[in-house]
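Me: I'd like to go through this structure with you, one question at a time. Shall we start?

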2 protein chains.
Amino acid sequence: MNLEAQLLALLSQIKPPSQTAQELARERQDSLTKPRGALGRLEDLSVWLAGIQGTATPKIQAKAVIVCAADHGVTAENISAYPATVTPAMVQNFLAGGAGINAIARVANARIWVLDVGVAADLPNHPKMISKKVRYGTRNLRVEAAMTREETLKALLAGAEAAKDAIDDGVALLVAGEMGIGNTTSASALTMWYANTNLEQTVGRGTGIDDPTLEQKRKVVQEAVARAKQTVQTDALTGLQELGGLEIAAMTGIMLQGAASRVAVLVDGFIATSAALVACALAPTAREYLCATHVSVEPGHLAQLEHLQLEPLFNLGLRLGEGTGATLAIPMLEAAARTLSEMATFESANVPKEG
Amino acid sequence: MNLEAQLLALLSQIKPPSQTAQELARERQDSLTKPRGALGRLEDLSVWLAGIQGTATPKIQAKAVIVCAADHGVTAENISAYPATVTPAMVQNFLAGGAGINAIARVANARIWVLDVGVAADLPNHPKMISKKVRYGTRNLRVEAAMTREETLKALLAGAEAAKDAIDDGVALLVAGEMGIGNTTSASALTMWYANTNLEQTVGRGTGIDDPTLEQKRKVVQEAVARAKQTVQTDALTGLQELGGLEIAAMTGIMLQGAASRVAVLVDGFIATSAALVACALAPTAREYLCATHVSVEPGHLAQLEHLQLEPLFNLGLRLGEGTGATLAIPMLEAAARTLSEMATFESANVPKEG
């Protein structure tokens with residue numbers, strides 16, 4: 001099957017969650033030993049999980065973070081506070097267990113895989129490493145399409161395959177994380193393309209750039225989007241191909257595969273939500289499988305969430321990426337699931353009811 | 001040692017957290033493999049824990065929830081949607097593992113104890129039960145002091161002792177939870193007393209009362225506070241004695257003991273924060289050991305948090321109590337601690353720095 005056909009096959013598998021299971025879960029919540037609605041948003045999350053898993057007592061067995069890594073040709077434009085060599089160095093750090101995402105994943109008891117779809121360096125083999133390098137970084141999106149259509153599809157499908165393997169392994173809650181110096185520039189351009197935001201509300205300081213670099217980054221994003229608009233838009237993939245990153249394409253694939261396999265996906269910050277924009281442009285129903293977790297410091301994140309009509313769970317001023325904010329939310333989802341499957345009902349616990 | 005002397009001894013042990021450890025932790029955060037400040041509030045939490053534990057690499061070994069249970073004489077005024085018999089029934093539910101707090105504590109891997117300081121029923125022995133019943137529920141706070149001074153001290157010190165035992169057992173993060181039909185009425189009166197709030201912003205629907213019951217609850221709270229104001233205020237304990245609950249006194253003791261033993265305490269919703277008001281009135285430095293976790297639906301909660309100048313971590317529309325919201329926050333605190341002790345530095349991981 002060629003790449004286009006593989007993507008179409010993936011998209012065609014995405015069906016709405018089960019309304020019946022949602023209704024049963026809501027009924028069950030109302031029978032549990034607590035005042036009706038007293039667990040607030042946690043009850044909504046439990047009902048959401050029920051719809052996805054098609055049962056009133058959803059379970060979250062294994063959890064996984066797939067950290068998608070790739071480099072960006074646009075770093076030639078000096079838009080980042082860090083050199084591109086940080087990308088492979090951080091990949092090594094992920095594999096050694098020393099990054100922020102490792103510390104947080106240990107708390108959440110989530111597995112970590114690193115998916116290399118485009119790091120501009122050769123990386124060692126490692127049990128946690130999935131090597132699917134499409135190319136050594138994207139092209140410079142200011143001056144040309146970041147990827148060919150074939151590269152875009154390859155990276156997206158590599159993400160989908162990694163997600164499928166994790167799901168086959170028992171994973172019931174997925175986080176798509178990322179590492180890629182330069183990727184807030186790509187994510188900004190994608191946000192303008194897919195969510196119709198303006199430059200000022202979209203472009204932020206990423207890892208922490210100074211004012212002149214921010215000015216330069218704005219200019220680059222503006223030129224990139226203007227350039228991309230000159231191209232022939234064939235379908236919802238065009239924006240990703242023109243302005244995206246290989247890791248963002250892979251994250252899009254993870255989200256689509258989650259939706260296709262009826263597995264919940266937690267959405268991290270600005271980069272991850274730009275992948276969510278692409279996923280929902282390709283398959284609007286994929287949105288039903290996505291849970292926004294936190295609000296990033298990056299200013300464009302709120303605009304993305306509004307566009308997708310996703311409501312985040314908390315705002316802790318995070319701006320690290322890697323999947324850290326989404327992984328921090330895993331215990332909340334587990335708690336939500338456990339209320340449905342583990343709490344006693346008024347009847348079973350012999351607790352007097354209201355009135 | 002008499003009860004008054006025991007309380008004074010407890011209060012005199014409360015010293016400020018270590019500024020040196022806080023500074024070292026902040027420096028360490030700035031050396032870890034992430035852009036400076038990129039973990040936002042999580043970094044602040046890690047520094048807070050460092051100050052409390054007196055080390056730049058704080059550890060959270062065991063975690064515990066102590067659910068304080070007691071009944072309220074004020075239920076005679078028909079201010080609750082549930083009969084008082086729910087209190088002992090829910091205690092049984094906690095012991096059997098079927099309540100909301102049980103499900104959430106399992107996710108957080110936190111131990112649970114139930115501390116009976118005043119349930120109006122005889123309760124069975126159980127390994128998780130700490131029996132320190134002071135009396136079978138408080139008196140009706142609308143018409144008389146809820147407790148005598150001796151009862152107040154006994155309940156408070158029972159909480160402190162339970163916390164001390166948990167801490168001696170290795171617990172490094174404490175949650176004070178509660179169960180007690182009628183206790184939002186008591187908490188409302190305490191909030192007006194200790195935080196000078198007005199009736200409308202303070203009294204809410206608790207477990208979910210209808211409009212006429214809300215009207216009645218407002219009247220009862222107003223009369224109770226007016227009555228208490230006629231009494232001779234001897235010290236910061238007077239409000240608790242006049243308007244409190246036995247379980248709220250016990251929670252106050254847990255918070256004070258946490259501060260005295262340099263152990264972090266996570267504050268749950270409206271009832272727990274009313275105990276925090278009392279604890280901070282008795283020992284203002286205790287505030288440095290408290291972390292607000294969530295915003296309750298109960299309207300008076302925000303006023304309490306403002307009075308204490310504590311900033312919550314999330315708002316999920318919870319209003320269950322039992323310690324559920326605070327326990328939901330445990331993984332965030334663990335993640336914060338682990339960043340300091342487990343993340344690599346730029347130097348150790350050989351990651352290129354900014355610029």
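Me: How are α1(A) and α11(A) oriented to each other?
Reply: In this predicted model, helix α1 (residues 3-12) and helix α11 (residues 246-260) of chain A pack with their axes 8 Å apart, at an angle of about 45°. Axes are lines fitted to C-alpha atoms, for helices over the stretch in contact, and angles run from 0 to 180 degrees between N-to-C directions. Angles under 35 degrees count as roughly parallel, over 145 as roughly antiparallel, 65 to 115 as roughly perpendicular and the rest as oblique. The two helices, α1(A) and α11(A), are therefore oblique.

Me: Which residues of α11(A) does α1(A) meet?
Reply: Contact means heavy atoms within 4.5 Å. From α1(A) come Leu7(A), Leu10(A) and Leu11(A), and their partners in α11(A) are Leu256(A), Gln257(A) and Ala260(A).

Me: What area is buried between chain B and chain A?
Reply: Buried area is the accessible area (1.4 Å probe) that two parts lose on being put together, summed over both. The contact takes 54 residues from each of chain B and chain A. Carbon and sulfur atoms give 68% of the buried area, which is about 4300 Å².

Me: Which residue of chain B meets Arg106(A) in a salt bridge?
Reply: A salt bridge needs a side-chain nitrogen of Lys or Arg within 4 Å of a carboxyl oxygen of Asp or Glu, and 2 are found across the interface of chain B and chain A. At 2.6 Å, N to O, the side chain of Arg106(A) meets that of Glu342(B).

Me: Which element gives the most to the side of chain B that touches chain A?
Reply: Elements giving two or more residues there include α3 (40-53), β8 (314-318) and α15 (330-342) of chain B. With 7 residues, the one that gives the most is α15(B).

How values were computed: Residues numbered from 1 in each chain as written. Chains lettered and ligands numbered in written order. Predicted model: local features only at pLDDT ≥ 70, side-chain atom pairs only at ≥ 80, totals over all residues. Heavy atoms only, no water. Helix = DSSP H or I, 4+ residues; strand = E, 2+ residues; numbered from the N terminus.
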